[in-house]
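The sequence and model are shown first.

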Amino acid sequence: MNTQTTTHVHAYTDGACKGNPGPGGWGVLLRAGHVRKELFGGEAQTTNNRMELMAAIMALESLRKSCQVQLFTDSQYVLKGITEWLPAWKARGWKTADRKPVKNVDLWQRLERALAPHHVEWVWVRGHTGDAGNEAADALANRGVDSVLNTA
């Protein structure tokens, strides 16, 4: 009899940037049953898209075992990149349809590796419309920006 049960996780992710490029932050709210975990961080010089990617990466990399994950993002860039564009980029040697290098390839590859042990359902949510999980992730991303600005 299999006594292991799969952990179901809701991961709310968001990125923020003061200027684009500029100081940026990422935020993650993880919920599994009654357990809630908040993560955030930032970089002194980055872009909003990089911070959106980092939020998803950090959400997945923080999970210590294989999980069933519902990952919520307000980033069409992250959602379409991972669900639509990635296979074609890889087939073309990490080039776009017009044969230009894929931007943020380092993070796309890292995200792909972070996905490996998990079963992830990607869910798009409209940002700044009152979704509690998205609002919490947004606040954490802004804390990530503040953490960078306060150390500069």
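Aspartate 14 has glycine 27, in E2, as its bridge partner. E1 and E2 pair in the antiparallel sense over eight bridges; pairing requires at least two DSSP bridges between two strands. Strands (E, at least two residues) and helices (H or I, at least four) are DSSP runs numbered from the N terminus.

This is a predicted model, in which local features need pLDDT of at least 70 and side-chain atom pairs count only at pLDDT 80 or more, while totals for chains, interfaces and linings use all residues. Residues are numbered from 1 along each chain as its sequence is written, and side-chain values use heavy atoms, without hydrogens and water.

The open sheet has five strands in the order E3-E2-E1-E4-E5, with mixed pairing. E3 and E5 (119-124) are the edge strands, each pairing on one side only. From one strand to the next the twist averages 20°.

| Helix | Strands | Angle |
|---|---|---|
| H2 (residues 76-91) | touches E4 (67-73) and E5 | about 140° with E5 |
| H4 (residues 132-149) | lies across E1, E2 and E3 | about 140° to E2 |

Contact means heavy atoms within 4.5 Å. Angles run from 0 to 180 degrees between N-to-C directions, with axes fitted to C-alpha atoms, for helices over the stretch in contact.

The largest pocket holds about 260 Å³ of space. A pocket is an open set of points on a 1 Å grid where a 1.4 Å probe fits, with protein on both sides within 12 Å along at least five of seven lines; lining residues have an atom within 4 Å of a point. The volume is the space filled by probe spheres set on the points. E2 gives the most to this lining, three residues.
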